Amino acid sequence: MRSLLALLGASFVYAIREQSTPQRCPPLPRDIALRSEPALPDPFTTLHGQHVRSKAQWSCRAQELSALFQKYELGALSGPPSSLGISLPNDGSSLTMMPIVGDRAITYTVNITLPTSGRAPFPAVIAFGAPSIPVPSNIATIVFDNSEFAQQDSLASRGKGLFYDLHGPNATASALTAWAWGVGRIIDALEKTPQAHINPRRLAITGCSRNGKGALVTGALEPRIALTIPQESGSGGAACWRLSDYQLVHNESTQTASEIVDENVWESVEFRKFANSTDLLPFDHHELAGLVAPRGLIVIDNSDYLWLGPWSSWGCMSAGRLIYEALGVESNMGYSSVGNHIHCQFPVDRQTPDLYAFYDRFLLDKHVATDVFYNSVNLTLDYTRWVKWRVPRLY
């Protein structure tokens, strides 16, 4: 391994430790009785029926929700590798990781574009595939070929890609979870490589459409991401499964769980059991947004693209923001949705101020307002129907 990395430039090999957890929380019950819940599930009541009344209790509830998402929808997020080789060329234009698990190893590289202004160490935006949103000149970009890491061509992509070469083709992780694991190793490498001139405490994750689903999942599963920016992600991302089903029942052609399980490998094999009964899921994606809290989250959406379920996304993220409200950080989560543009074409003239406010606050440490939460077509959510729980004050 050392000889291979030496060919790539300055090289290092590190043992990687599990991230410490702030407190002990009860594990998931061995037997979970799933019951129908047509409304959006209560984020503030645990599986044991305990009501969350403090930040400490929310921390345990968040761990429980993460475990539930991994059990029923996303597949298991593997722990860190036993060791991680890292290589950085002299010009700093890329970063190569070689994680080792058991007797298996893979190598993958991300491309780095350093800013043309500002001072090192720089904040950075990690983009799945390629950036589809503007990035300021004083913020670096890191491009991660997530489709090589875990393929997403069709159902035939299950178990294919570098992640599965390392963990085995039968690993339960969906493609979205595999990407999150890959981002975790990028952050590990940045933490150990200050000569990359990237600040690992000021990182954002973004992607559009299918990659936007991955961006939200990564922000939820990787606590070192400071700012999460899913763009036009639809079902499996910012939309709620229950709300998307409601749209379809009311003759709106929207992507739903029953469609997505036959399209691609963004969800785990286990999730297929819920494709036609999402009301049995003990969670929904308002709680996925809640797992990002209290860190920064700005959802960029397209109010004209019906397939994405704009009403579902608006309602889902409106419910998700209630978790931020409970934690006393409501303005840490934003939602910006405008129409009259094609899919994944960011309307620079209208949404740039919203996006840049979140860059300024969460990556550049500026004291700016981030009270951004709107859609351009007056979508509303009937809280009396969909949100049947109270929002506690946890601060």
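A crossing counts as left-handed if the near helix is turned anticlockwise from the far one by less than a right angle, and as right-handed if clockwise. The model here is predicted, so to speak, with local features needing pLDDT of at least 70 and side-chain atom pairs counted only at pLDDT 80 or more, while totals for chains, interfaces and linings use all residues. Residues are numbered from 1 along each chain as its sequence is written, and side-chain values use heavy atoms, leaving out hydrogens and water.Start with helices α2 (residues 55-74) and α9 (residues 285-292), which pack at about 130° with axes 10 Å apart. Helices here are DSSP runs (H or I, at least four residues), numbered from the N terminus, and axes are lines fitted to C-alpha atoms over the stretch in contact, with angles from 0 to 180 degrees between N-to-C directions. The pair is therefore oblique, given that under 35 degrees is roughly parallel, over 145 roughly antiparallel, 65 to 115 roughly perpendicular and the rest oblique. α2 passes α9 in a left-handed crossing. Contact (heavy atoms within 4.5 Å) involves residues including Trp58, Leu65 and Phe69 of α2 and His285 and Leu288 of α9. The contact residues split into six nonpolar, three polar and three charged; Ala, Val, Leu, Ile, Met, Phe, Trp, Tyr, Cys and Pro count as nonpolar, Asp, Glu, Lys and Arg as charged, and the others, Gly among them, as polar.

Helices α7 (residues 241-249) and α10 (residues 310-326) pack at about 150°, with axes 8 Å apart, which makes them roughly antiparallel. α7 passes α10 in a right-handed crossing. Here Leu243, Ser244, Tyr246 and Gln247 of α7 meet Pro310, Trp311, Ser312, Gly315 and Cys316 of α10.

Methods: Helices (H or I, at least four residues) and strands (E, at least two) are DSSP runs, numbered from the N terminus.
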